[in-house]
Amino acid sequence: MIHLPLANPGTADARSPGRFLWWMARGQWRTLAAGAAFGIVWMGSQAVMPAIIGRAIDEGVADRDGRTLGWLAGLLLAVGLLQAASGIMRHRFAVTNWLVAAYRTVQLVGRQAVHLGGTLPRKVSGGEVVAIGTTDLSHLGQVMDVSARFAGAVVSFVLVAVILLQTSTTLGLVVLIGVPALMLLVGPLLRPLQRRAHRQRELMSHLSNTATDIVSGLRVLRGIGGEQVFHDRYRRESQTTRRAGVQVAKLQSVLDALQVFLPGVFVVLVVWLGARYAVQGTITPGELVAFYGYSAFLMIPLRTATEYANKFIRARVAAGRVVRVLALTPDHLDPAEPLPSPPVGSELVDLRSGLRVRPGSMVALVSEQPHETAGLADRLGLCAPEVDDQVLLGGVPLSGLTRAEVRRRVVVSDTGSMLFSGRLGDRLDVSGDGRSVDRALRTASADDILAALPDGLDTLVAERGRSFSGGQRQRLVLARALVAEPEVLVLVEPTSAVDAHTEARIAARLREHRAGRTTVVTTSSPLLLDAVDEVALVRDGVVVATGRHVDLLAGDASYRRVVTRETDPEPLADPTAETVEAAR
């Protein structure tokens, strides 16, 4: 079991990509250290092999000493086995480091998404979050992956340099000076590559947003004939993204070519110098073979170093996107000193609109402008963007309570609610006890949906619940809200997508289901309005009339226009029972 430390980075770390990468590395230092240790042993074993082969040539083959040749061959075999074993472990820890970094990123962003709640879509696009979960986490994992080999590359380079200095000072200096010089030649490409990679990452995020919009609104686009417009828009953005990717690929191809070309030139130089020294008798034939082996081996740490620089740049760009999300704060922060919790069954009051909801009652909000009642519903659940201390529960402002307590006691289910992908039973049973799902499905008149599914509650829900129709999805969302059984339930247009017969069943059952608990419904449906205890008419954000549906229908012309969609503003002189019944 891999331990994943998930505490969010500090404020400073959450705003600096470099510090975030350091924080990530520090959080998994054990696996990074183990990977680096095996990487050092793995590359160190390769580094000493040319020296063993050189001694075997000089002391065993050239001197015709079979015993020396035998033990050197055995030593070479032991080093080879050590290299193989350490290489296996290095690879295991490299994969572990990749997975730990990637999944820590997913869990950090997921936890932040839960922490932000409704703030997230207002501050960050959906495509941005999707790109973090697909591209960015891969780059963050890769830089942790290559770290083990990079540590081995540094140590093996120093080891080879020491061996070369002991054999030939000139060749040792060539290696010590030449390798950093080659790295400096690659350096000027790294900053432009970072800028282009950042630009491509931005365009990919915008393209993901466009694709998400098209997929989610495909039915509407087909209905209004807007498919071609969005097709052309997506095509233009995808071509812009492609051109940005080509610009990144141009620099990347040059960098990849230099990773082969520069070490190759360096090998040729070292072999040429070594051959001259061998002809002059300065070094032995075995040492010449060893020098060639060192030169060929040095291509590995050189390419590893350039690979590390390349992946570090990509990881830094990805980290910048992650820390942007982690630095976001929710619209409502928990107070430093929360106020005492109001008792269960307290009155819910909105001072701004004048709404008062008696405990245990069922109240409907009606407005000619639905966005007014929807905004009021958001305020009642502390879901509005602005901080509002005018909503009171038992005389205590909701803003003075912790968000966890507010979310537990007041649940707002609006028209934008959706079903996540996964097992249907798990998507509905938010409480986890499994006892109230059947009753909630019946209240929401969704038991026929369950009966039509071959696997029942074990059915897998498609993304955003697209496998269900709009009416089915709305009833399932209502059932999910009912399963939570909160003290105060706020429902925004819960029956807008169902037929009249289904709506009548829901209206009758909802009152019984929520008996003894507070329920607020925003609607203009006569079927629902007739089932509630009280109706509040909202105009310009203020409650202008309250009463039972029948009474308001008979005595308030503006209310009647909203409910019955009448065009005649004049009130009826003497409404009959038939007129009232028809309006129901």
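Is Asp426 buried, exposed or partly exposed? At 44% relative accessibility, Asp426 counts as partly exposed; here buried means under 20% relative accessible area and exposed over 50%, with partly exposed in between (1.4 Å probe, protein chains only). This is a predicted model, in which local features need pLDDT of at least 70 and side-chain atom pairs count only at pLDDT 80 or more, while totals for chains, interfaces and linings use all residues. Residues are numbered from 1 along each chain as its sequence is written, and side-chain values use heavy atoms, leaving out hydrogens and water.

**View 1. Asp426 and Arg423 meet in a salt bridge.** The N to O distance between these side chains is 3.0 Å. A salt bridge here is a side-chain nitrogen of Lys or Arg within 4 Å of a carboxyl oxygen of Asp or Glu, and by this rule the count comes to twelve. Arg423 is partly exposed at 29% relative accessibility.

**View 2. Arg511 and Asp533 form a salt bridge across two elements.** Their closest N and O atoms are 2.5 Å apart. Arg511 belongs to helix α16 (residues 500–513) and Asp533 to the loop between α17 (526–529) and β11 (534–539), so the pair ties together parts 22 residues apart in sequence. Helices (H or I, at least four residues) and strands (E, at least two) are DSSP runs, numbered from the N terminus. Both partners are partly exposed, Arg511 at 37% and Asp533 at 22% relative accessibility.

View 3. Within it, the side chains of Glu307 and Lys311 meet at 2.9 Å, N to O. These two are four residues apart in helix α9, about one helical turn. Lys311 counts as buried, at 18% relative accessibility.

View 4. For reference, rings of Phe, Tyr and Trp (its six-membered ring) pair if their centres lie within 6.5 Å; planes under 30 degrees apart count as stacked, over 60 as edge-to-face and the rest as tilted. Arg104 lies over the face of Trp23, 4.9 Å from the ring centre; a charge sits over a ring if NZ of Lys or CZ of Arg is within 6 Å of the ring centre and within 35 degrees of the ring normal.

**View 5. Phe150, Tyr308 and Phe312 form one aromatic cluster.** Tyr308 and Phe312 are four residues apart in helix α9 (residues 285–326), about one helical turn. Tyr308 is partly exposed at 21% relative accessibility, as is Phe312 at 31%.

**View 6. Four strands form an open antiparallel sheet.** The order is β2-β1-β4-β5. The edge strands, β2 (355–357) and β5 (396–397), each have a single partner, so one side of each is left without a neighbour in the sheet. Two strands pair if DSSP finds at least two bridges between them; three bridges join β1 (residues 348–350) to β2. Leu348 stands opposite Val357 in β2.
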